[in-house]
Amino acid sequence: MSSQHVKRVDLIFEKIECRDVLKKIVDMEPDAISQEILDSDLKGRGGAGFPTGLKWRFAAKEKESIKYIICNADEGEPGTFKDREILDQVPGKVFCGMAIAGKAIGAKMGYVYLRGEYKFLIPKLNKELIEFHKTMDEFNQNFRIQIRLGSGAYICGEESALFESMEGKRGEPRNKPPYPTTSGLFGKPTVINNVETLVHTVMIMNYGAAHFRELGTKDSRGSKVFSISGDTPKAGIYELELGMTVDEFVNDFGDGDTKAVQVGGASGFCVPRKKFDETIIGFEGVPTGGSMKLFNSSRSMYNVLHNYLDFFTEESCGQCTPCRVGCQQLLKGVEAVKQGEKNSKYLDELVKLAKTMKRASKCGLGQSVGNAFGSIVENFKEEIIY
Amino acid sequence: MVSLSVNGMLVKVPEGTTILDAAKKMNFRIPTLCQHDDLCVAGNCRVCVVEQLGAKSLVAACAVPVSEGMQILTNSLKVRSARKHIIELLLSEHNADCTKCYKNGMCELQNLSNEFAVGDHIFIDLNTIKEYTIDRFSPSIQKDDSKCIRCQRCVRTCEQLQGVNALTVAFKGDQQRITTFEDLSMAEVICTNCGQCINRCPTGALVERTYLDEVWDAILDPTKHVVVQTAPAVRVGLGEELGFEPGKRVTGQMVAALKRLGFDSVLDTDFTADLTIMEEGTELLTRLKRALVDKDSDVALPMTTSCSPGWVKFIEHTFPEYLPNVSSCKSPQQMFGALAKTYYADVRKLDPKDIVSVSIMPCTAKKYEANRPEMRSSGYKDVDYVLTTRELARMIKQAGVDFNMLKEDKYDSIMGASSGAGVIFGATGGVMEAALRTAYEIVTGREVPFENLNITPVRGMEGVRQASVLIEDCKEEWSFLNGVELKCAVAHGLVNARELMDGVKSGEINVHFIEVMACPGGCLGGGGQPIPTNEEIRRKRTEAIYAEDMSMEVRKSHENPEIISIYKEFLGEPLGHKSHELLHTHYTERVRY
Ligand SMILES: Cc1cc2nc3c(=O)[nH]c(=O)nc-3n(C[C@H](O)[C@H](O)[C@H](O)COP(=O)(O)O)c2cc1C
Ligand code: SF4
C-alpha cells in the first residue's frame with residue numbers, strides 16, 4: 001500500500017477575473033464557443049455525463065427566439081455538497097459560465113435553481129448578481145440571471161422535473177424525447193448544466209480546451225470536485241484529477257479499514273474492497289456526481305442499503321410503477337429477508353426486479369436505484385441475509 | 001413518412017406517430033393502462049414498454065414517437081419480463097378483492113393480469129400495510145384509493161377535459177396518491193360530479209355511487225308505484241353494455257326491458273326535454289323582449305342553458321357572477337320528477353307519497369342534482385333515485401332479461417311522448433337546435449330555414465361553436481325581433497365552457513344564448529355512459545342520436561301532442577304560475593376552496 005496522494009487540482013476554486021473571460025467571449029462567434037467546449041471533451045458533472053459542448057450545440061441549432069440557461073444547483077444527491085461550496089466561494093464564476101452558455105446558444109435569460117436548504121446563500125448570490133449584471137451592461141450584453149428556490153424534493157434535480165417545478169407545477173419528470181435542448185423550460189430550448197460543469201466551461205474558455213484535456217483520461221477528461229464523507233479522517237471537498245482507481249483514492253482518504261466506497265451517492269455504485277484496484281472513478285468505470293462515501297468494517301451494509309432504499313422510497317416522485325412500487329418492494333423485501341420472513345432466494349427475485357426498474361423506469365431516479373441495490377447485494381450478500 | 005420495423009416487419013408511418021400506433025397498424029396491440037385517447041400522454045404506468053434495439057433501456061410505446069430505422073420488439077424476453085414485473089407491482093399495491101369489486105370483469109388491470117396469467121404473487125402485499133378509507137360522501141362519485149394505480153387518468157381528465165382540477169396528485173414516493181384540495185371528500189370540493197373521471201378510471205378506484213338496491217327494493221314493494229324516465233342519450237349507449245357495437249339504437253328494447261324489470265310505468269325524459277324547450281324558449285324570448293323593448297339593463301344576457309347539472313355546479317363555483325344568466329328552468333330530469341308526483345299522480349289517481357320516481361341517466365351529476373334541497377317542489381323528493389346507463393345494464397343482467405331477443409316496445413303514456421327535438425338533447429348542440437326549431441317558429445310562424453330542420457352549424461365536435469340565425473318577417477307580437485341576428489354559442493366539456501365564459505367575460509364572445517353540456521360530446525358522452533369512451537365512440541353515438549331524431553314523426557317540441565295537452569290541462573302557459581312553482585329553480589353561489 002503506497003501512501004501517495006491523489007493529485008490535487010485547483011481550477012474550480014481558483015480566483016480569476018471573470019471580466020476578462022467575459023470580455024473575451026462577447027466578441028466570439030457562438031459556434032466557436034461550443035466548439036471550444038466540445039474540443040475539451042467536458043462531460044456534465046451533474047451525474048449523467050453528457051458532453052457539454054454537444055448539448056450547447058443542439059440548443060444553438062434550435063430556431064427559437066427565446067431560450068434558457070439553467071444552472072442546476074439543486075444538489076440533492078446524498079453525500080454531495082460540493083455545489084454549495086462552489087456557489088459560496090466563486091459565485092461569479094458560476095454566473096460567468098451561464099453567460100458563456102447563453103452566448104453559445106443565444107439565450108438571454110438564465111436561472112439558478114437553488115436547493116431550498118441553500119437559501120442562506122441568496123443574499124450573497126444576489127450581491128454578486130448585481131456586479132455580474134453591471135459587467136453584462138458594460139459589455140452591452142442583455143443576458144440576465146434570476147434565482148429560483150427549490151422546495152426540498154430530490155426529484156426536482158432531475159432536469160425535466162426541475163422545469164415542471166419552475167413552471168409552478170408538481171415536480172414530475174417528463175417523457176423524453178423531446179429533450180431539454182428542444183423543449184425545456186416553458187417548452188423553449190434550454191440548456192441545463194450542473195454548477196460545476198458551468199465553472200469548468202469558464203476555465204476552458206480562460207485557459208483553452210487543451211489545458212483542460214491535460215488532466216484525466218480518454219473517457220474522463222479534466223478534474224472533478226469530490227464531496228468526501230463517511231469513515232475518513234479527511235472528510236471535505238477536494239478537486240481531484242479524474243481517472244484514479246478506487247484503491248488510489250482509498251489510500252489517500254481511507255482510515256486504513258475501508259471495506260467499501262459508495263461512489264456517486266445513493267444513485268451510484270458500491271465498490272467493495274476486493275474491487276478497489278480494478279475500478280476507475282470516471283465515466284469508463286464508476287461515474288460520480290461527486291459523492292464519495294467511505295465505509296469501514298464497523299458499518300453494516302444492510303443498514304447502508306436500507307438507508308438508501310428508504311431514501312428512494314420516499315424521494316421517488318411516485319408517478320411511474322417500476323420506481324414507485326419497485327422501491328417499496330426492494331425495501332420491504334430486504335427487510336423480510338433480514339427478518340427471515342423470506343428466504344435468501346428472494347434476493348434473486350429482487351435483483352431481477354431492480355433490473356426491470358433500471359430498464360423500465362421513466363427517469364434517472366428509478367433507473368439508478370438498482371445501482372446501489374445490485375452492487376451491495378452482490379458484494380455483501382451475507383450482511384443482507386444474516 | 002418514417003420507416004421502422006416492428007417485430008421484424010417493416011412499416012411506414014407519418015412522422016410523429018407513436019410506437020404504440022405504429023405497432024397497432026401492424027396489428028400488434030401493446031398493452032396500456034395510463035394511456036387514453038382523450039388525454040395527453042403520461043407515460044407513467046410503463047406497461048407499454050417495448051425494446052428498441054440499440055437503446056439503453058426499454059421505451060414507453062405510448063410516449064415515444066417513431067424515428068427512421070427504429071427497430072422495435074414488442075414481445076422480447078426483456079419486454080415480457082419487465083411487463084410482467086410491472087403488472088405484479090401494480091397488483092402488489094392494489095386492493096385486489098376482484099370478486100367483490102364493483103368493476104369486477106370490467107377492470108383494465110384485471111384484464112391485464114388475466115392476459116399475463118399473473119398468479120405467482122412474488123411480491124409483498126403492500127395494500128394491506130396502508131390505511132385507506134373509501135370516500136362515499138358524494139351522492140355521485142365513490143373514490144377508493146386502495147384500488148388506485150396512480151395512472152393519473154382522472155387527474156388529466158379533470159384538468160384537460162373539464163378544467164375543474166378537483167383531483168390532483170399529492171405527496172411523493174410511497175405516499176403519492178390522488179386526492180382533492182386539502183384531502184376533503186369529493187362532496188366538499190369543486191367537483192362537478194360529471195363523472196368523466198369514472199369513465200376513464202381503469203380500475204374500481206372511481207365508480208358511481210350506486211342505488212341499484214334501493215331501486216330494486218322499490219320495485220319489489222307492492223305498495224309503491226315506480227315510474228321510470230329514460231334520458232335521450234341512454235338509448236344510444238345502453239347497447240354497448242349489452243354486447244352491441246357503439247352507435248346502436250336500442251330504444252324499443254330498452255323500454256321492453258324496463259317493463260320486464262317491473263317498473264309500473266316506463267316514461268321518457270324526452271317529454272320534459274320538449275317541455276324544457278317550451279319554458280326555456282319562452283324565457284329567452286322574454287329576456288330578449290325586456291332587453292330590446294323595455295330597454296331593461298338589468299336583464300341578464302346571454303342566457304345559458306341549465307339542463308346539465310355538471311355545468312350548473314361548475315358555474316356556481318367558477319362564474320357565480322353569471323348565475324342570473326342561467327336559465328331558471330330545471331333540467332328535464334327534475335321537471336319530470338316534479339310532474340311525476342303532481343300531474344302524473346293526478347291523472348293516474350295516485351297518492352304522490354306512494355310514487356317512487358326513478359331516472360335512468362347517462363350522467364352521474366344527475367344523482368347529485370336529484371339530491372339538491374331545492375328539488376322538492378312536488379312536496380316530495382321529485383326524483384328519488386338516479387341510475388346510470390351502466391347501472392341499468394347491470395339491472396337487466398341481474399334480472400336475466402335476454403336483451404338481444406326483446407321485441408321493441410313503446411313508452412307508456414302520459415309523459416311518454418316525445419319529439420325529435422327532445423331526443424337531440426343528448427348531443428352537444430342539441431338543446432340549442434331544439435330551442436331554435438321552436439323559438440324561430442313561435443316568432444315567425446315559419447319553420448327554421450334549414451333543410452329537414454337540421455341546424456347543422458350548431459352540431460359537431462368542436463369545443464366551442466358559434467352560429468347565428470337572422471330573424472325576419474316576424475309575427476305582429478314579435479316584431480321587435482325583426483332584423484335581429486340571433487346569436488348563439490355552444491360548448492361541451494367544461495374546459496371549453498370555461499373558454500366560452502372567459503370569452504363572454506372579456507367581451508370577445510357576444511351572443512344571446514349559450515348551450516353548455518359538461519361532458520365531451522354532450523350527454524351521450526356523459527359520466528354514466530358505457531366505458532370505454534373515445535371520440536370515435538362518441539361520434540357513433542352522435543350519429544345514432546340524429547338518426548333517431550330523423551326517424552321521429554314529430555320533430556319539434558311544440559308539436560309534441562302531450563306537450564300541447566299538458567299546457568291545456570295542467571300548466572296553462574309557459575312561464576305561467578304552475579310552471580314557476582314546479583318547473584323553475586334557483587342557484588347557489590359556491591366557494592372555490
Ligand atoms: C433524480 C435525479 C436527481 C438529479 N439531481 C441533480 C442535481 O441535484 N444536480 C445536478 O446538477 N444534476 C442532477 N441531476 C442530473 C440532471 O438531470 C441533469 O442531467 C444535469 O443537471 C445536467 O447537467 P450536466 O450535464 O452539467 O451534468 C439529477 C438527475 C436525476 C435523475
Ligand atoms: S423513475 Fe421514479 S422519480 Fe422517475 S418518473 Fe418514475 S416514479 Fe418518478
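Student: In E14(B), which residue is the bridge partner of Ser359(B)?
Tutor: Val386(B) is the partner of Ser359(B) there. Keep in mind this is a predicted model, where local features need pLDDT of at least 70, side-chain atom pairs count only at pLDDT 80 or more, and totals for chains, interfaces and linings use all residues. Residues are numbered from 1 along each chain as its sequence is written, chains are lettered from A and ligands numbered from 1 in the order in which they are written, and side-chain values use heavy atoms, leaving out hydrogens and water.

Student: What's the strand order in that open sheet of chain B?
Tutor: E11-E10-E13-E14, 4 strands with parallel pairing. Strands are DSSP runs of E, at least two residues, and helices are runs of H or I, at least four, numbered from the N terminus; two strands pair if DSSP finds at least two bridges between them.

Student: And which are the edge strands?
Tutor: E11 (265–268) and E14 (385–388) of chain B, each pairing on one side only.

Student: Switching topic: how is the aromatic pair of Tyr238(A) and Phe253(A) arranged?
Tutor: Edge-to-face, at 4.7 Å centre to centre with 70 degrees between the planes. Rings of Phe, Tyr and Trp (its six-membered ring) pair if their centres lie within 6.5 Å; planes under 30 degrees apart are stacked, over 60 edge-to-face, the rest tilted.

Student: What sits over the ring of Phe253(A)?
Tutor: The charged end of Lys234(A), 5.1 Å from the ring centre. That call needs NZ of Lys or CZ of Arg within 6 Å of the ring centre and within 35 degrees of the ring normal.
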